Amino acid sequence: MVDSDWGDWLPRAVADADPDTVALWYLGCNGFAIKGSEGTVLWIDPYVGTGDPPRTIRMIPVPFDPADVEVADAVLATHEHTDHVHGPSQAPILENTDADLVAPDDSLAVAREEERWTEEYDVSEAAFTEVTEGDELRVGEFTVHVVETHDADATHPVGYVIEHDAGTVFHAGDSKPSPSFTGLAERFDIDLGILAFGSEGTIPDKETGEPVRTKWYSDENEVATAANDLGLDRLVPTHWDMWKGLTADPTALHDHVRSYESPDRLEIVEIGDRIDL
């Protein structure tokens with residue numbers, strides 16, 4: 001069981017919502033719950049772990065216990081890092097619902113081999129759906145396109161373009177600007193794009209514990225470049241709230257995106273916030 005700081009109100013809010021279009025709840029870090037007007041629910045990169053102190057230290061509340069999640073049609077993972085594939089955060093969602101874990105090969109390897117979900121949780125091998133760039137799958141009312149991204153810190157990252165009659169959402173995982181983004185702008189009319197943003201900082205090395213200058217996420221100029229390349233209507237920066245030493249001020253992006261053609265709007269959300277297409 002996860003000790004939720006907020007009780008069960010957030011999964012209840014998702015379950016009880018009846019959006020006219022598509023509603024998204026920001027889960028902190030890079031996580032979202034996405035619900036369509038017909039009731040289909042996707043969870044993308046939900047993470048309720050506290051990190052690995054003193055190296056990675058969670059700076060935001062734990063907003064829900066995944067055991068309280070009763071509505072889910074799929075859990076999507078963008079890459080293999082622990083704050084994107086994490087048994088205690090995601091396996092209970094699979095246990096309680098008919099959802100599959102949709103993820104690329106290296107992410108599924110974490111679930112299968114490193115964390116042994118099928119042994120540690122009531123999760124079957126059939127719940128794992130492997131995807132790669134170019135794949136397309138239908139999940140309820142959503143069409144999910146698996147697309148190329150660029151994250152040199154991950155071994156096999158992907159992004160998800162999620163189409164709905166009401167509009168299109170792009171979740172880029174932890175991607176930096178990618179050569180693929182201009183092609184995505186030509187192929188899709190992206191209404192809302194989710195891009196990871198953070199500062200460069202000093203955190204302890206994983207092996208030695210010595211302080212190391214670290215940059216895991218796009219800075220202001222990189223986010224602005226990526227948003228423009230993607231032709232976004234709305235830009236939602238994420239991940240800026242999560243790790244001690246790597247947090248950032250998303251309002252700084254106003255100045256960086258102002259002179260670009262895209263995005264039309266910068267939208268700042270905090271953990272627990274709901275936005276709609």
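Predicted model: local features only at pLDDT ≥ 70, side-chain atom pairs only at ≥ 80, totals over all residues.
**Close-up views: a cavity and a hairpin**

View 1. Look here for the lining residues H145, V146 and V147.

View 2. Joining H145, V146 and V147 around the space are G134, D135, E136 and R187. If you are wondering where else to look, a search of the whole structure turns up one cavity of 30 Å³ or more.

View 3. Now let us move to strand 14 (residues 201–204). Which residues sit on its covered face, and which on its uncovered one? G201 and I203 make up the covered face, while T202 and P204 make up the uncovered face.

**View 4. Strand 14 meets strand 15.** Strand 15 (residues 211–214) runs antiparallel to strand 14, and the two pair over four bridges. To find your bearings, start with G201, which stands opposite T214 of strand 15. Then find P204, whose bridge partner in strand 15 is P211. These pairs bring in a residue from each face of strand 14: G201 from the covered one and P204 from the uncovered one.

**View 5. The turn of the hairpin.** Six residues lie between strand 14 and strand 15 in this hairpin. Which residue here takes a positive phi? That residue is G209, with a phi near 80 degrees.

Technical notes: Residues numbered from 1 in each chain as written. Heavy atoms only, no water. 1 Å grid on protein atoms, 1.4 Å probe; cavity = no way out; pocket = protein on both sides within 12 Å on 5 of 7 lines; lining within 4 Å. Points joined across faces, edges and corners; volume = space filled by probe spheres on them. Buried < 20%, exposed > 50% of the residue type's maximum accessible area, 1.4 Å probe, protein only. Pairing = 2+ DSSP bridges.
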